[in-house]
Amino acid sequence: MKNPNDENDDKKLILSNNKNIRPERVSDIENSIFLDLKLKNLLLDFASDSIWVIDFKGNFRYVNEAAYKTRGFTKKELMNLNIHDLDAPEDSELIDQHLKELMETGEAKYETVHYHKDGSQISVEIHAQKIDLNGQKLVLSVIKDLTILKNYQKNLKKEIKNQTEEFRKLNRKQTRNNKIILKLSNLKLKLQQSMTLDEKLKLITDSVVELFDADFARIWLLKNADICDNGCIHAKITEGPHKCKNRSSCLHLVASSGRYTNLNGYHRRIPMGSYKIGKIAAGDDFKIVTNDVVHDPLIHDPEWARNLGLVSFGGFKLDSEDDKPIGVLALFRKEVLDSDSESMLEDLANTTSHVIITDNIEKTLLTSENKYRTLTELSTDSIYLFDKNLHYAYLNSEALKMIGKKSEEIIGKGLEEVFPLELVKYMKTNVKNVFKLGKLFSEENKYAFSSGERWLNTSLIPIKEDGNINFVLGISRDITDYKLFQMELKEKDEEILLLTEKMTDVIFQIDSECIITSATPSIKQLSGYWPHEIIQKKIDDIIHPADLDQVLDALRKLPTTKKPVNMEHRIKRSDGNNLWVESNCNAIHDMENKFKSIVLVTRDISKRKKIEERIKIKNQTLKGINKIFKESLMSEDESEVSNISLNVCKEITNSKYGWIIEFNPKGSLNTLFITDPDWEEYPIGEKKTDVLLNDLKEQGLYGKVTRDGKSFFTNDPYKHESSIRTPPDHPRISSFLGVPLEQGGEVFGAICLANKEDGYDLKDQEIMGKLSVAISESLMRKRAENLLITALKDKDLLIKEIHHRVKNNLMVISSLLNLQSRYIKDKEALSLFRESQSRAKSMALIHERLYKSDDFKSINFGEYITNLADILYNTYVSDKNRIKLDLQMENIEDLKVDINNAIPLGLIVNELLSNAMKHAFPNYMQGRIMVDFYKDDDQFELVVSDDGIGFPQELNYKNTESLGLQVVNTLTNQIGGKITMDVDKGTTFTIKFKEDFD
C-alpha cells in the first residue's frame, strides 16, 4: 500500500492500464478513484484495531488512526519511527522467528509487547501478511490490543483460585464442624453417665481444648466466699474497676484444661463484676467474645496475651433455670473464634448449665425431699421418680402437664396409665435394667400423650441410698421443636429438589457447536419439547429466525470474552407459536481455563412483554392525547387544531403522510388539513398551492372509513378492494390507516395516515382509535369556541374576553397601519394613515380599560384621558420643552362614563388633542395644551384648549371638509351633547353632555 499522499500516482497507474476507456470518461473515473481511496482511508481510520504497512526494513509506509492514537503518538511521529522502536528488546529473538515465518509462508500470527510513548507496555496480537503492491514487497499487519483481555484472564484466574480456595476452606470448615457436632453429641451422652460434677466439668474443659483448639479453657462456679482474708489477692484490691465489692460470694475456679490446669493459681477466685469473668457472670449479656485480645480493653493484661500469642477470647454465662448466674465457661485461642464455633460453644454452655442444674437436683433429691421438689418444679424438663415396683413416686408439674393428669391420678400407678400398651413393656424393661445394672440410660423417642405427640430426650438415672438403688430418676426434655425443625429442613431439601424439577426456568447446556447437550424437565413447559426430543439438536432449531443471528453471535463470543450475557429473544415452540424469553448465558471453563460448555438459564417473559407493550401503547396514547388537548387549547382555529393533531398522529405512528376530512352539508367530503410538503407541490387543485379539496366523493380507502364508521389498515393498498389508486404523478401510497371521527355517535369525518415504513399493525389502529376521540373533541370544541366568540360579538353586554380580543385586534390594525405607512411617500396620505392609527389606539385603550376592569358597563374616563393624552403627546410632540401638556382634571376616580358614550367620547378627545398637537404651534412656536374633564351635577363637561395660532376666522367648524372635525361633530351628536368653539387667545373646544348613570 502506498502513502495516502501518493493518490495522484495511483490514479495515473490505474488509468494507464485501462486503454479502452473513452477520453470523455477519464475525469469521472479519476474522481471515482479519488473518492474510493478517501473512503478506504476513512474506513481504516474507523477500525478499532491498529493497521499499518511496513517495508522489510521496518519503516512505516501507512498507519491508521488507531495505530498512533493507542500508542500516544501523532501520525507524523509514528511514521518517523521504525517498527523495532516499538518492540520490547526481550522479544526481539521471537520477532525474528516470526519474520522468518512470514518470509517463508507469507503470513504470521503471534503475540508480543509494544512500547507506549509514555514508556508503558501494551500486550498485542499481530496478524501479518506479506503483500505485493505495485511490485514492492511490503507487510500488512493488523494489531489487536490484548491488555484488557490479559488483565481479565489474569483476574479471572485469580478469582477462580480464590473461589476454589474459599470453597475448600468452607468444605474443611464444614467437615470440622460436623466432627465437632458429633463429638459434642458424644460428650452429652458421656455427661449423662454416673460421675461427679467435678469430673463432668473437667470433661467439658478438656473437650473445649480438644474440639475448639483452645489454648486453655476454664469453668468458674458462683459459691460462697471462703478465702477473702487468707490467700485471695482480689480481696486486697480496694480501688479501681476490679475492686472486690462483695465478700459473701464470688466465682470459684472448678475446672481448667490446656495451658493452665492448676485450680489454685492467680484466678482461683474472681469477684462478681470484676475482670471479664466477673462481668460476664454479673452482666445482662450471655457472653463476651473478642478476636483482638491484645487491644480489647476488657482484657486485663494485654502484654501477657501478646507474649502467649493469644488472639481470641470467649466467655459464656452459666445460668440457672430462673436465669440467675451460676458460673462462667471461658477459653482463650491463638486463632479467631468464628461464628459457628461461637454458636456451638453457646450450646455447650447451655449443656454445662444443665449438667450443673441436674447435679444440684440429684444432690437435692438425695439430701432433702423439699429442696428436691423445689428444684424440680422450677425445671422446664419433665422430672419423675420410679420406685422398685416401677410405679410413679413423684412427678414435677412439667411432667404432669405433659401427660395431662393430676398428681393424685398417677402417683402409685405404673406406666400403663400414661403410655399405650405396646410401649409399656419396652419402657418397663429400660427402667428394670437401670435398677439392675445401676447405669444411666438415655434415648430419644416419640410418645403419644393426651396433649398430642411429643419427641422426648429421656435419661433414667439410678438413685442410691446406702449403696442400694431404691429409685430411678427420669428426666425427659421436650425436643419436639428441634425434631420438627429437622423434619422441616428435610422437607425443604425435598422441596428444592422438586422445584428444580418443576421450575418454569429452563437450564440447558450447549457445546462449542451450539448443540444442546442437556436440559431440565421444564423445557417441556417452555417449548413444548421433551428433553430427549431436543438434546443433540442445534439451538438453531428452537430460536426464532429473526433473532438467530443475534443469539449465535453472542454465544460464539462467550468462550473468548468470558463475560455473562443477558439477552431477550424469541423461541419457536413445538406448536408453531413464538414465545418471548430472556436468557442468561455463561461460559464454563475448567481449572485449566479450557472451555467446556455454555449454560443458558431461560425464562418465559411473554407476559412481561405484553404488559410492556400495553404500557407503551397507553403511554403513547396518553402523551398524544395530552399534547393534542394542550396545544389545541392555544390554537386559533380548526386548521391549526387539525395541523397539531396530524403532527401528533404522524409522530406516534411514524407515518409520512396524513390528512383529515369531514362531511360538508352536501354529504360530500372536505379536506380540513394535509400535513405533507410533498403533496403541496402536487397540483391537487387548480393551483399547486390549493391542497385542500372540497366535495370529494365518498370513495376509495378513506371513503370506506366514513361509510363503515370503523377503523382499518392495509399494508398493500393497491390490492385492497376499496382502492381507487392514485394519479401517475401522485406520491405512491404504500400503507394506509384510517380512523373515523365521531361526535354524538355519528361519523362526521376521518383521520387518515399513510406510508409507515414497516407497515401498520393493530397497535397503531388501537392508539389511533383513542386519539381520534381527542381529535374529535378538540375540533368540536374549537368549532364551538369560534361560534361562541362570533355570537358574543352581537351582544350588547360585552364580556372581558371580547374586550381583550377587540383591543388586540385594534392594536393589530394600528400596527398594520404603522407598517404600511413606512411605504407611503405622500405626506397627506401618510397623515391619514397616522390619524387612523391614532383612532384605533384610542378605541383600543377603552377596550383595554374594560378588559382590566371588573365593570364592563363603564370606565374611569379621567384615567383614560390621562393615558390617551400621554400616548398622543409622545406620538406627535417631539420637543417636550416647546409644547407643554397640562391635564387639569380633579377627582378623576369619580369620572365614570357609560361604555356607550366612552368610545365616541374617546375618539373626540383623540381628534381634538391630535389636531392641537399637529397644527396649533407651527414654526417652532411654543405653547401649552390643556385638557379638563369634570362633572357638574348630572352634566359632564370636556374642555380641550391651546394657546396657539387658533382656527381661521372664516372657518365654520360645524361645516368643514376636515375629517377630524366631521368626526367630532358626528360623535358629539351621537352622545346627545353640544359643542362650542372659542378662538380667542388660541382655540378652546367645550363639549357638554348628560347620561343616565348609576
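# Cavities, a pocket and packed helices

Q: How many cavities of 30 Å³ or more does the count come to, and what makes a space a cavity?
A: The count comes to four cavities of 30 Å³ or more in this predicted model. On a 1 Å grid over the protein atoms alone, a cavity is a set of points where a 1.4 Å probe fits but cannot get out, and lining residues have an atom within 4 Å of a point. A volume is the space filled by probe spheres set on the points, which are joined across faces, edges and corners.

A quick note on the ground rules. Residues are numbered from 1 along each chain as its sequence is written, and side-chain values use heavy atoms, leaving out hydrogens and water. Because this is a predicted model, local features need pLDDT of at least 70 and side-chain atom pairs count only at pLDDT 80 or more, while totals for chains, interfaces and linings use all residues.

Q: What surrounds the largest cavity, and how much space lies in it?
A: About 250 Å³ of space lies in the largest cavity. It has 21 lining residues, and those closest to its centre are Tyr384, Phe419, Met427, Thr458 and Ser476. Elements giving two or more residues include β12 (382–386), α14 (421–437) and β15, while β14 gives the most, with four residues. Helices here are DSSP runs (H or I, at least four residues), as are strands (E, at least two), numbered from the N terminus.

Q: How do you know which class of residue dominates that lining?
A: Sort the residues: Ala, Val, Leu, Ile, Met, Phe, Trp, Tyr, Cys and Pro count as nonpolar, Asp, Glu, Lys and Arg as charged, and the others, Gly among them, as polar. The largest cavity then comes out with 16 nonpolar, four polar and one charged residues in its lining.

Q: Which residues line the second largest cavity, and how do they sort by class?
A: About 60 Å³ of space lies in this one. Its lining is Phe508, Ile523, Leu526, Ile539, Ile542, Ile543, His569, Ile571, Val581, Ser583, Leu600 and Thr602. That gives nine nonpolar, three polar and no charged residues.

Q: What makes a space a pocket, and how much space lies in the largest pocket?
A: A pocket is an open set with protein on both sides within 12 Å along at least five of seven lines. The largest pocket holds about 1,400 Å³ of space. It is lined by 49 residues, with Lys188, Gln192, Thr351, His354 and Arg477 closest to its centre. The largest share, 13 residues, comes from α10, which spans 339–367. By class, this lining has 17 nonpolar, 16 polar and 16 charged residues.

Q: Why are α19 and α20 called roughly antiparallel?
A: Helix α19 (residues 606–633) and helix α20 (residues 638–653) pack at about 160 degrees, with their axes 9 Å apart. Axes are lines fitted to C-alpha atoms, for helices over the stretch in contact, and angles run from 0 to 180 degrees between N-to-C directions. Angles over 145 degrees count as roughly antiparallel (under 35 is roughly parallel, 65 to 115 roughly perpendicular, the rest oblique), so α19 and α20 fall under roughly antiparallel.

Q: Which way do α19 and α20 cross, left-handed or right-handed?
A: Their crossing is right-handed. The near helix is turned clockwise from the far one by less than a right angle in a right-handed crossing, and anticlockwise in a left-handed one. The contact residues divide into five nonpolar, four polar and three charged.

Q: What makes the pair α27 and α28 roughly antiparallel?
A: The axes of α27 (residues 899–919) and α28 (residues 963–974) come within 9 Å and cross at roughly 150 degrees. That is over the 145 cut-off, so the two helices are roughly antiparallel. α27 passes α28 in a left-handed crossing. Contact (heavy atoms within 4.5 Å) involves residues including Leu907 and Ile908 of α27 and Val967 and Leu971 of α28.

Q: How do α26 and α27 pack, and which classes of residue meet there?
A: Helix α26 (residues 861–876) packs on α27 at an angle of about 35 degrees, with their axes 10 Å apart. This crossing is right-handed. Among the residues that meet are Tyr864 and Leu868 in α26 and Leu905 and Val909 in α27. The contact divides into 13 nonpolar, three polar and one charged.
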